[in-house]
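This report describes a predicted protein model with its ligands.

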Amino acid sequence: MPVPFILDILIQTKFLTKTFMKKFISISILFVLLLNGCTQQVYQKQFYVFGTLVGVSIWGVSTEEADTAVDVIIKDLQLMHHQWHAWDPSPLTDLNQAMATGKSGILTDTALLIQAQQLYTLSDGLFNPAIGQLISLWGFHKDDLSHTQALPSQKQISALVALNPRMDDIQIENNQVLSHNRAVQLDFGAFAKGYAIDRAIKTLRQLGIQNAIINAGGNLKAMGKKGDTSWVIGIRHPSGSGILGGVVLNGEESVITSGNYERFREYQGVRYSHIIDPRTGNPAKGLSSVTVIAQSGALADAASTALTIAGLKDWHRIARQMGIKYVMLVDDAGIVYVNPAMAKRVQFPAEQVPTIVVSEPL
Ligand code: AMP
Ligand code: MG
């Protein structure tokens, strides 16, 4: 099915360093995209939030209307980023401190926590935002990751796994959050961006915008079209550069990729993924990237992380359980695995068609 295609957005640059952030200047440009022979104007703005470059494309409203709406979502994204930061001092680190001493704490947006609990259950606990201590032990609670810091010992890892932090240890009453297990430390890194882009798209809609894409460093959600033309997005190749495949989006949809190619630690020549298997306490192995398409960004984000851990043996079962309809996995050898519905949607560049294995239907 190789076809030539023109992309509106190439999903890339999941995490950027603080050094880059300092250099980065927020830019707002109106530019002309040539697509399928017709000329259309797409408003675009990029800014830095959630530790990543966020791009918004909007079609069908004036620059002034788009600017006003984008200002609203930038403020909301900044608020969410601050509220849920897992290591810089934040309302979430306050809550984690309270839970560690058996006290209750406050979370303003408990909808996030409730959804995370549901997704934890649906993923058989593979998506487990309660394992903040393990993520920190592996050295991932940092902006700039160290490649010289020694790895944790198996004794330290096993001790944390034995404490068994679970999302259903958490009890929520109004905005009060209490954990029955002091080992629970929340880290929403696997799903906050998906949740945030759901909220951003909802806000844009409320502000009268019907056609937009928001791309938070590899976590993307779109709605509407550009006139008669659908949005087309490119999924980055896990080898580091170029496009693995393109997807034409249908109305409101989210495309989320979890990968081990941008945020990882390398120690003595071995790469360790930032996605931790809660059952063993060790980084997930075997897959370079997992892409999920779903209407909900939060669901697609949690699922992309959970399926990375489920691996080639178990991804089908977990995807089904989570209600996911479109999955693409790339293993460390570059082989692409897709379910039949996803196979129909991904278009691979003619010059670089990978080996593709199509699974049973989901
Ligand atoms: P993602 O790129 O969406 O797969 O998210 C990866 C991030 O989620 C990591 O950097 C950690 O902060 C966090 N994380 C790692 N392992 C898990 C897990 N098993 N469940 C939930 N969150 C995780
Ligand atoms: Mg995720």
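## Contacts of ligand 1

Serine 258 places a polar side-chain atom 2.5 Å from an oxygen atom of ligand 1. The model is predicted: local features require pLDDT of at least 70 and side-chain atom pairs pLDDT 80 or more, while totals for chains, interfaces and linings use all residues. Residues are numbered from 1 along each chain as its sequence is written, chains are lettered from A and ligands numbered from 1 in the order in which they are written, and side-chain values use heavy atoms, with hydrogens and water left out.

| Residue | Atom of the residue | Atom of ligand 1 | Distance |
|---|---|---|---|
| Asparagine 128 | backbone N or O | nitrogen | 2.8 Å |
| Serine 258 | polar side-chain atom | oxygen | 2.5 Å |
| Isoleucine 276 | polar backbone atom | nitrogen | 2.8 Å |

On its own, ligand 1 has 500 Å² of accessible area, and the protein covers 97% of this. Accessible areas come from the Shrake-Rupley method with a 1.4 Å probe; for residues, only the protein chains shown count as cover.

Around ligand 1 there are 18 residues, of which Asn128, Ser258, His274, Ile276 and Thr305 come nearest. A residue is near a molecule if one of its heavy atoms lies within 4 Å of it. This shell consists of 10 nonpolar, 5 polar and 3 charged residues. Here Ala, Val, Leu, Ile, Met, Phe, Trp, Tyr, Cys and Pro count as nonpolar, Asp, Glu, Lys and Arg as charged, and the others, Gly among them, as polar. Helix H8 contributes the most to the shell, with 3 residues.

## The magnesium ion

Which protein atoms are donors of the magnesium ion (ligand 2)? They are Ala190 (O), Asp301 (O), Asp301 (OD) and Thr305 (OG1), at 2.1 to 2.4 Å from the ion. Donors are N, O and S atoms within 2.8 Å of the metal (3.2 Å for Na, K and Ca); water is not among the atoms, so sites may look incomplete. Along the sequence the donor residues follow the spacing A-x110-D-x3-T. Alanine 190 sits in the loop between strand E7 (176-179) and helix H7 (192-206), and threonine 305 in helix H8 (residues 297-322), so the pair ties together parts that are 115 residues apart in sequence. Helices (H or I, at least four residues) and strands (E, at least two) are DSSP runs, numbered from the N terminus.

Threonine 305 is buried at 9% relative accessible area. Buried means under 20%, exposed over 50% and partly exposed in between (1.4 Å probe, protein chains only). Aspartate 301, also placed in helix H8, is buried at 4% relative accessibility. Beyond four places in sequence, aspartate 301 touches Ala190, Phe191, Ala192, Lys193, Gly194, Asn219 and Ile256. Contact means heavy atoms within 4.5 Å.

## The chain as a whole

The chain has 9 helices and 19 strands. Of its 362 residues, 55% count as buried. Among contacts between residues at least 6 apart in sequence, 65% join residues at least 24 apart.

## Single residues

Asparagine 96 belongs to helix H3 (residues 91-100) and is buried at 5% relative accessibility. Outside four places in sequence, asparagine 96 touches Gln185 and Leu186. A polar side-chain atom of asparagine 96 lies 2.7 Å from the backbone nitrogen of leucine 186.

Alanine 66, in helix H2 (residues 63-83), is buried with a relative accessible area of 0%. Leaving aside neighbours within four places in sequence, alanine 66 is in contact with Tyr43, Ile58 and Val61.

Aspartate 198 is in helix H7 and is buried at 16% relative accessible area.

Aspartate 124 has a phi near 60 degrees, a positive value in a residue other than glycine. The loop between helix H4 (110-122) and helix H5 (132-137) holds aspartate 124, which is partly exposed at 43%.

How values were computed: A polar contact is a pair of N or O atoms within 3.5 Å; within protein, one must be able to donate a hydrogen and the other to accept it, and residues adjacent in sequence count only if both atoms are side-chain atoms.
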